[in-house]
Amino acid sequence: MDRKLRFAIAGAGVIGRAHWERMRASGRCEAVAFADPSPGAAVLAAEAGLPLYPDLEAMLAAERPDGVVLATPNALHVPGALACVRSGVPALVEKPVADSLADAARLADAVEASAVPVLVGHHRRHSAILGAACETIAEGRLGKLVAVTASATFHKPDDYFEAAWRRRKGGGPILINLVHEIDNLRALVGDIVEVQAFGSHAARGFEVEDTVAINLRFANGALGSFMLSDAAASPRSWEQTSGENQAYDHHADQDCYVIAGTRGSLQVPTLRVFEYSGAASWWNPLARSRVELHQSDPLARQLDHFCAVVRREEPPRVTVRDAMRTLAVTLAVAEAVRSGTNVKVS
Ligand SMILES: NC(=O)c1ccc[n+]([C@@H]2O[C@H](COP(=O)([O-])OP(=O)(O)OC[C@H]3O[C@@H](n4cnc5c(N)ncnc54)[C@H](O)[C@@H]3O)[C@@H](O)[C@H]2O)c1
């Protein structure tokens with residue numbers, strides 16, 4: 001059997017710890033070092049019994065890992081990934097891939113000009129639920145896709161807003177939460193080419209939005225409406241319906257997306273399907289069924305995939321260029337709220 005791959009983690013914060021826990025449980029890779037300049041990182045490094053470097057470049061030079069997980073703040077994703085590419089070390093970069101489209105494009109160009117694979121950490125692409133939903137749509141059971149009704153309505157606790165940046169523009173649910181949802185919808189339905197959006201901060205009164213109503217036009221002609229709120233006492237969010245992260249309150253009977261085509265519709269994540277067997281007509285019965293599913297941890301599956309990427313057995317499932325398109329739609333929603341106009345996604 002192949003030896004375990006040696007991975008390093010840059011950024012020993014919340015998600016850095018989650019990646020380390022998956023590596024500890026993995027039979028295919030192991031964590032060998034952390035890079036993080038903050039004094040707090042020493043706690044995790046000591047618990048893991050691993051060396052801690054104050055910066056990524058020093059760690060790359062000393063450890064020569066097989067791969068690096070970049071779990072650093074957003075602004076450091078592109079410089080960190082470029083350093084990995086220069087060193088010839090594959091990287092798993094946390095989402096969002098970059099702060100701006102220009103930076104994302106700079107990284108995409110550098111990766112494509114190199115032989116070094118970079119995977120972006122949109123971990124829900126490794127979700128068994130999302131995979132089964134994508135397969136159901138790809139089988140053609142829904143017919144031609146027509147309409148998407150989706151939501152991420154949840155309530156963040158008051159103490160979340162003690163950090164001042166979360167009360168200001170840019171610290172809200174569009175850039176923090178919607179980026180995951182847009183990536184899911186792109187995987188399920190296809191590319192999004194135009195958006196409209198209304199934003200409101202009426203619930204909390206902070207500068208940042210707390211609620212956003214969004215319209216989406218997909219390249220295949222389907223239309224979508226998305227309700228986003230972090231001030232809504234509602235379980236209709238991926239976190240609370242999917243049960244993939246047990247830290248959240250779980251509502252297994254609720255859905256956050258309904259995807260409707262000309263022959264049937266699919267509810268996600270319960271994977272309930274309503275479909276016509278004969279002529280599609282509101283007078284005829286819509287048969288109900290449910291897609292079978294074996295739940296698994298998307299972060300662990302993402303790590304397994306990263307191992308295959310590092311070994312050059314599989315191409316990255318989420319490339320920098322792909323993640324850049326998700327970022328472009330998310331930024332377009334922010335721009336639509338700001339400008340009050342339709343925004344085309346280039
Ligand atoms: N996939 C997901 O569901 C998910 C969940 C949470 C966070 N994230 C993403 O992961 C990233 C980190 O988020 P977090 O919540 O873990 O943040 P965090 O603040 O808990 O951790 C970030 C860590 O990076 C360290 N750091 C800062 N500068 C550094 C540098 N130059 N080199 C190395 N380390 C440095 C910080 O000291 C801190 O320990 C963000 O981009 C975030 O969007 C993704």
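Tutor: Let's start with a term. A cavity is a set of grid points where a 1.4 Å probe fits but cannot get out, and lining residues have an atom within 4 Å of a point. Keep in mind, too, that this is a predicted model.

Student: Okay, which residues line the largest cavity here?

Tutor: The lining is made of His122, Arg124, Arg125, His180, Asp183 and Asn184. Sorted by class, that gives 3 polar and 3 charged residues, with no nonpolar ones. The volume of this largest cavity is about 30 Å³, and the structure holds 1 cavity of 30 Å³ or more.

Student: And what about pockets? How much space lies in the second largest pocket?

Tutor: A pocket is an open set of points, unlike a cavity, where the probe cannot get out. The second largest pocket here has about 340 Å³ of space. It is lined by 14 residues, and Lys169, Glu209, Ala334, Val337 and Arg338 are the closest to its centre.

Student: Which helix gives the most to the lining of that second largest pocket?

Tutor: That's helix 10, with 4 residues. Helix 7 (173–189) and strand 8 (192–200) also supply at least two residues each. By class, the lining of this pocket has 5 nonpolar, 4 polar and 5 charged residues.

Student: Let me zoom out. How is the protein chain divided into domains?

Tutor: Domain 1 covers 5–116, while domain 2 is written in two pieces, 125–295 + 328–344. To see how they are placed, look at their C-alpha centres, which lie 29 Å apart.

Student: Next, the inside. Which residues touch the most other members of the largest nonpolar core?

Tutor: In that core of 55 residues, they are Phe7, Leu56, Val68 and Val97. Take Val97 as a case: leaving out residues up to four places away in sequence, Val97 touches His77, Val78, Ala104, Leu107, Val120, Val320, Ala323, Met324 and Leu327. Another core, of 42 residues, lies apart from the largest one, and Ala152, Leu185, Ile214 and Tyr257 are among its members.

Student: Is Thr241 buried or exposed?

Tutor: Thr241 counts as buried, because its relative accessibility is 3%. You'll find Thr241 in helix 8 (residues 238–242). Not counting residues up to four places away in sequence, Thr241 touches Pro235, Arg236, His250, His251, Ala252, Gln254, Asp255, Cys256 and Pro269. Gly140 counts as partly exposed, at 38% relative accessibility.

Student: Last topic: backbone angles. What should I expect in general?

Tutor: Most peptide bonds are trans, and most residues other than glycine have a negative phi. So look for the exceptions.

Student: Which residues are joined by a cis peptide bond with omega of about 10°?

Tutor: Val268 and Pro269. Pro269 belongs to the loop between strand 12 (264–268) and strand 13 (272–275). A cis bond also runs from Lys95 to Pro96, with omega near -15°. Pro96 is in the loop between strand 5 (91–94) and helix 5 (101–112).

Student: And where is Leu271, the residue with a positive phi?

Tutor: Leu271 is in the loop between strand 12 and strand 13. Its phi is about 60°, although Leu271 is not a glycine. Leu271 is also buried, with a relative accessible area of 1%. Arg312 has a positive phi of about 60° too, and Arg312 lies in the loop between helix 9 (298–310) and helix 10 (320–339).

Key:
Residues are numbered from 1 along each chain as its sequence is written. This is a predicted model: local features need pLDDT of at least 70, side-chain atom pairs count only at pLDDT 80 or more; totals for chains, interfaces and linings use all residues. Side-chain values use heavy atoms; hydrogens and water are left out. Domain bounds come from an automatic or database domain assignment. Buried means under 20% relative accessible area, exposed over 50%, partly exposed in between (1.4 Å probe, protein chains only). A nonpolar core is a set of buried Ala, Val, Leu, Ile, Met, Phe, Trp, Tyr and Cys residues joined through side-chain atoms within 4.5 Å. Contact means heavy atoms within 4.5 Å. On a 1 Å grid over the protein atoms alone, a cavity is a set of points where a 1.4 Å probe fits but cannot get out, and a pocket is an open set with protein on both sides within 12 Å along at least five of seven lines; lining residues have an atom within 4 Å of a point. Grid points are joined across faces, edges and corners, and a volume is the space filled by probe spheres set on the points. Ala, Val, Leu, Ile, Met, Phe, Trp, Tyr, Cys and Pro count as nonpolar, Asp, Glu, Lys and Arg as charged, and the others, Gly among them, as polar.
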